[in-house]
Amino acid sequence: MRSKSIVGVLFAAILALSGCTGSRGASGEPSGDQGHLFSDSLVIDTSNGKSVTAFSALDTVIGMTVYGAESENAIRDAADLIDRMDKVISTQREDSELRYLNESGNAICSEELMEAVSRGQMIGRETEGAFNIALYPVVEAWGFFSKDYRIPEAEEIEKLLMLARPEDAQKKELPSKEWSNGDEGSSVEKGIVYETEGMKIDLGGIGKGFIADKIAQMFNEDYAEGVTGAVISLGGNILCMGKKPEGKPFKVGLQDPDKGVGEYLAVITADSSSEGDLTPFSIVTSGNYERFFEVDGVKYTHIIDPETGYPVENGLASVTVTSDDSALADALTTALFVMGYDKAVEFWRSGTYDFEMALIDENGKLYLTEGLKDQVKSYVQTEVITR
Ligand code: FAD
Ligand code: MG
């Protein structure tokens, strides 16, 4: 078996295209120390009116380039927000809220966890199940969490698919901790109860976008004056806000699925540079070349078709979605991948959501929806998808 993980592909792209001199930080794992901020361990390069950092978290490479007088504080706050959100929505951290919910089947939850689960459920409904946040047991059986990859028996997959019912994660009022400790004063709190025993939620297909949206919101609330532009890369999930000091928009490279890290087949200009504000613009990519394993020449990718329980194999090599809503873009990359070319085009045409997409097939051909046409410089055979 062979496994391959491309981290920081698009971060590298950003650094190259924006002419940044990225300093690779050495933050290591979140410390978890009480009273100790995650950002305390960050190495930040501050020069030429911008701050740049890179570190690993969420099992990927995080890169940030922020411009403006308060860029360093903004980077620290963004890194701490990532660490805080990791403790809420990660399934792999022992101390995370979602891990506790998955293990106990019911728990009082933070607003953020309730919100992330609700968004996942909603996008699941709108994509007719192509996006499914309850696939955890199936993804786990294939070894994508432990990285101990295996091909499960058909019977096992069938059984685990019965647990993949996102609507069975229901919002409920639960006895508050104080109440269960004997203090009846504060009665109930909001939480989630799993109506199917053994079900588990996985926010891996939406979580990075969800976090990117929180960062965009925080920058707009706290740094509208002190930050003029930012590029935040969470693995294949890129959030651009504002513009570069010369007033130029950010550019993001689209990785060529067949080539080495940082080799692009197209460049997308971010539509985030309206004068004086930090309008977010997200470019999210999901590729079958990022996380997969191979057995006897067959490639098994980490995106699972919720109908079959098997890794998706439909001729697409990567799906990129652009939107001002990063959680939506993240979830849609996964859903459109599951749908395949024809259904993805149909879904875009339906107008259910406002987004644009770039699909790359296994022959290296690029398909762009018409809204992206003028924003993309392509170096390969390209076809435009019209309404
Ligand atoms: P996408 O391509 O957008 O989605 C694929 C992922 O979504 C799969 O990996 C699977 O988890 C899930 N999925 C598969 N099929 C579907 C489907 N049909 N519908 C919905 N979801 C589907 N990984 C670790 O190994 N260790 C960690 O400590 C870790 N911590 C994380 C913490 C956070 C807060 C988040 C958000 C993720 C974390 N991850 C961790 C996961 C990792 O960073 C990636 O998010 C994940 O592997 C998928 O990345 P992607 O961008 O390729 O996802
Ligand atoms: Mg996704």
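How do the residues of the shell around ligand 1 divide into nonpolar, polar and charged? In this predicted model, the division is 13 nonpolar, 13 polar and 7 charged.

**Figure 1. Residues around ligand 1 in the predicted model.** Two or more residues of the shell are given by each of the helices α2 (71–89), α8 (207–222) and α9 (326–350). The largest share, 4 residues, comes from α9.

**Figure 2. Leucine 58 in the loop between β3 and β4.** The strands on either side of this loop are β3 (50–57) and β4 (60–67). Although leucine 58 is not a glycine, its phi is positive, at about 55°. Leucine 58 counts as buried because it has 22 C-beta neighbours inside 10 Å, and the cut-off for a buried residue is 20 or more.

**Figure 3. Aspartate 296 in the loop between β13 and β14.** This loop joins the residue ranges 291–295, assigned to β13, and 298–301, assigned to β14. Aspartate 296 is likewise not a glycine, and its phi is positive, at about 50°. Is aspartate 296 buried or exposed? Aspartate 296 is exposed, because 5 other C-beta atoms lie within 10 Å, and a residue with 12 or fewer is classed as exposed.

Note on methods: Residues numbered from 1 in each chain as written. Chains lettered and ligands numbered in written order. Predicted model: local features only at pLDDT ≥ 70, side-chain atom pairs only at ≥ 80, totals over all residues. Near = placed C-beta within 6 Å. Nonpolar A, V, L, I, M, F, W, Y, C, P; charged D, E, K, R; others polar.
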